[in-house]
Amino acid sequence: MICPKCESEFESIMFAEVTVQRCLGCKGIWFDSGTHEYLKGIEGSEALDTGDAETGASNNEKGNYRCPKCSAGMIRLVDPGQPHIWYESCSECFGVYLDAGEFRDFKEKKVVDFLRDLFAPERP
């Protein structure tokens with residue numbers, strides 16, 4: 001599979017008997033449908049997210065992605081519990097792509113997240 005953000009190849013990573021794909025370039029993570037929610041509840045799964053959050057945030061500026069798994073169009077979504085987290089989901093296979101640093105952030109809601117959400121920019 002090829003990363004929809006930087007076009008590097010993915011590597012397969014396994015955690016808790018679940019395989020995800022992590023980009024060798026930008027370190028974004030591809031989750032098959034529902035696996036990001038499943039792994040969110042498993043202690044230590046944040047170790048999957050080894051990328052730099054600033055690099056990940058800069059990738060939010062890019063658009064018009066194709067699914068790395070099935071080539072369908074992807075839609076941009078906002079996590080309703082943490083609106084500062086912007087991610088992409090496939091409109092066909094429902095896989096999810098989180099930029100570097102987003103899965104770590106997605107796993108835990110902190111007081112600083114509440115403050116960040118107050119000032120989160122509007123999605124284009």
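**Entry 1: Lys 5 and its partners**

I started with Asp 99, which forms a salt bridge with Lys 5, the closest N and O atoms being 2.9 Å apart. The term means a side-chain nitrogen of Lys or Arg within 4 Å of a carboxyl oxygen of Asp or Glu. Asp 99 lies in the loop between β6 (96–98) and α3 (102–107) and Lys 5 in the segment before β1, so the pair ties together parts 94 residues apart in sequence. I take helices (H or I, at least four residues) and strands (E, at least two) as DSSP runs, numbered from the N terminus.

The model is predicted: local features need pLDDT of at least 70, side-chain atom pairs count only at pLDDT 80 or more, and totals for chains, interfaces and linings use all residues. Residues are numbered from 1 along each chain as its sequence is written, and side-chain values use heavy atoms, with hydrogens and water left out.

Next I looked for what else Lys 5 meets. Its side chain also forms a salt bridge with Glu 88, at 3.2 Å from N to O. Here Lys 5, in the segment before β1 (10–15), is linked to Glu 88 in strand β5 (residues 82–90), 83 residues apart. I noted that Lys 5, Glu 88 and Asp 99 are linked in a network of salt bridges.

Are these residues buried or exposed? Lys 5 and Glu 88 are both buried. Asp 99 is buried too, with a relative accessible area of 1%. For Lys 5 the value is 6%. I use buried for under 20% relative accessible area, exposed for over 50%, and partly exposed for in between (1.4 Å probe, protein chains only).

**Entry 2: Asp 32 and Lys 69**

I then turned to Asp 32, which forms a salt bridge with Lys 69, the closest N and O atoms 2.9 Å apart. Asp 32 sits in the loop between β3 (29–31) and α1 (35–40), and Lys 69 in the loop between α2 (53–58) and β4 (74–79), 37 residues apart. Asp 32 is partly exposed at 30% relative accessible area. Lys 69 is partly exposed at 48%. My count of salt bridges comes to 6.

**Entry 3: the sheet**

In what order do the 6 strands lie? They form an open sheet, β1-β2-β3-β6-β5-β4, with antiparallel pairing. Two strands pair if DSSP finds at least two bridges between them. β1 and β4 are the edge strands, each pairing on one side only. I checked β3 against β6: 3 bridges join them, and they run antiparallel. Ile 29 stands opposite Leu 98 in β6.

**Entry 4: the aromatic cluster**

I found 2 aromatic pairs. Rings of Phe, Tyr and Trp (its six-membered ring) pair if their centres lie within 6.5 Å; planes under 30 degrees apart count as stacked, over 60 as edge-to-face and the rest as tilted. Phe 31 and Phe 103 have ring centres 5.1 Å apart and planes at 40 degrees, so the pair is tilted. Phe 31 lies in strand β3 and Phe 103 in helix α3, so the pair ties together parts 72 residues apart in sequence. Phe 31 is buried at 0% relative accessibility. Phe 103 is buried, also with 0%.

The rings of Phe 103 and Phe 106 have centres 6.3 Å apart and planes at 35 degrees, so this pair is tilted. Phe 103 and Phe 106 are 3 residues apart in helix α3, about one helical turn. Phe 106 is buried, at 4%. I logged Phe 31, Phe 103 and Phe 106 as one aromatic cluster.
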